[in-house]
Amino acid sequence: MTVGDVALFVPLFVALGGLVTYFFAKLVGPAFRRWTGTVAALWLAAGFGLLLWAAGQGFPATPASLFAPILGPSYLGLIVGLLATGLGALAAFASQGRLEPSGPVHLYYPLFLFALAGAAAVGFSNDLFTLFVMVELSSIPSYALVAYRYREEPRSLAAALKYLVQGVTGTVTALLGVGLLYLAASATGAATLTVGGLRSALVSADPLFIGLAATLILIGYGVKLGMVPLHTWLPDAYVHAPGGVTAILAGATKAGALIALLVSLSALPPSVVAPRYLGVAISLLAVLTMTLGNLLALNQKDLRRVLAYSSVAQMGYILLGFGIGMQYGLVLGFEAGLFYAVAYSVMKGGAFLAADLFTAAAGSPETERMRGLGARHPVVGLSFTIFILGLVGVPTTAGFLGKLLVFQAGMATDAVGGVVLALILAANSALSLGYYVPILSTLLFQGHEAGHAAPAAAADGGVESMPLSTSAGIAALAAVTIYLGLFPQVLFDWISKAMLGLAAIWGVH
């Protein structure tokens, strides 16, 4: 087994962890079932360690004999795999403090790990069908996980059903686009779905036919990304799912769908579908997504719903980087988009975990009922503040570097359109202050109602204590947010190498 095989084994290793956690939860006594989250976290941490070891051995240069030609080692796979296993480990550990051990935890953690296994495999996929299957492996368990608390919160069942219907619609649409590419390639005598094979086979294809396929792929994966106007499933799913599930939905699984979209579009030969036109379409959708997401977040009273609509806006920032990269042939745009995707996943994953604790402590999801909670629980309060500052784009956080890189990409185009896109990004970041600042003010400052805050929470069924495991997971994600803001070089080196292949495909510099 080569070093490359070790890296490619990690998604399968994570999936095997699903079986391990299932039998652990079923076979141990009730007193030990609560440790299932720790088992899942340790398993994911082991996968994270395997990927780090493989990266240290220079695995992209080594062949992968066992998994070829379906999967292949790459820095893109390394980044997504590390994100899925690292964020998943912390979210699994945090979930342990928020799930009732007497509940169906024997189903929660296996589904959790299966979803992460699919996300971890996306970046290693070599052909569009394998890519599609891995995205679906990540999505299908997520539908069930959203409905996990349907007994305590009946609305989660409706949210899961809405997510399922729209997700399946996106799935069918993306698969139809992939099928059209296969038909076009077969017509030339090269029946293939590998990225390199399609790029060669489609050179003489009908541009309108390939353009239709590209549109279907963009729409299909756009549903999973929560791209406006395909975002309507996202707020309800994020709000009603358990906090740990929302953390991986906003981070790992969404990163997998993003990579699937980029790799699928990279299979289109530039001579048939000009990257510039794809870039214009993605940039316009990005502007619409970030603007509408921020505007909708302004009017929300539920903290989790604010963060959900904010996630829509954040996806607009990420897509803008890729749109600029395609539209203006600028590799910095691709690098900025991927860096911000990683930063967003860490920050928003932690923010949702913290919001879940605040909701439980206040006995209500309304931000106004959480007055002073951040001050009374300084670890979670400080961590949540770091996440919000990062999402706004304050220096020393990963979010600041991500937004700065996207802004620089727009300004570096030396074109009016690129500068306008950069300014729209800045304007939307300023707009987001309209809902982020009041949230921080409410959570950190008790005001004249401080003396009544705790009794009100207790009357509504709130619980002032916060699970240590969840608080530790949140604090760890906050530390990663600061670390990536101060020491981003290793990650950025991997991103530069990962984007090198896509940049060459689209002929960017």
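Q: What makes Lys224 and Glu136 a salt bridge?
A: In this predicted model, the closest N and O atoms of Lys224 and Glu136 are 3.1 Å apart. The cut-off is a Lys or Arg side-chain nitrogen within 4 Å of a carboxyl oxygen of Asp or Glu, so the pair qualifies. Lys224 lies in helix H8 and Glu136 in helix H5, so the bridge ties together parts that are 88 residues apart in sequence.

Q: Why is Lys224 called buried?
A: Lys224 has a relative accessible area of 9%.

Q: Are Lys162 and Arg305 buried or partly exposed?
A: Lys162 is partly exposed, with a relative accessible area of 31%, a value that falls between the 20% and 50% cut-offs. Arg305 has 18%, which is under 20%, so Arg305 is buried.

Q: Why does Tyr22 count as partly exposed?
A: Tyr22, in helix H1, has 30% relative accessibility. Partly exposed lies between buried, under 20%, and exposed, over 50%, so Tyr22 belongs there.

Q: What kinds of residues line the second largest pocket?
A: The lining divides into 18 nonpolar, 2 polar and no charged residues. Helix H3 gives the largest share, 6 residues.

Key
Residues are numbered from 1 along each chain as its sequence is written. This is a predicted model: local features need pLDDT of at least 70, side-chain atom pairs count only at pLDDT 80 or more; totals for chains, interfaces and linings use all residues. Side-chain values use heavy atoms; hydrogens and water are left out. Helices (H or I, at least four residues) and strands (E, at least two) are DSSP runs, numbered from the N terminus. Ala, Val, Leu, Ile, Met, Phe, Trp, Tyr, Cys and Pro count as nonpolar, Asp, Glu, Lys and Arg as charged, and the others, Gly among them, as polar. Buried means under 20% relative accessible area, exposed over 50%, partly exposed in between (1.4 Å probe, protein chains only).
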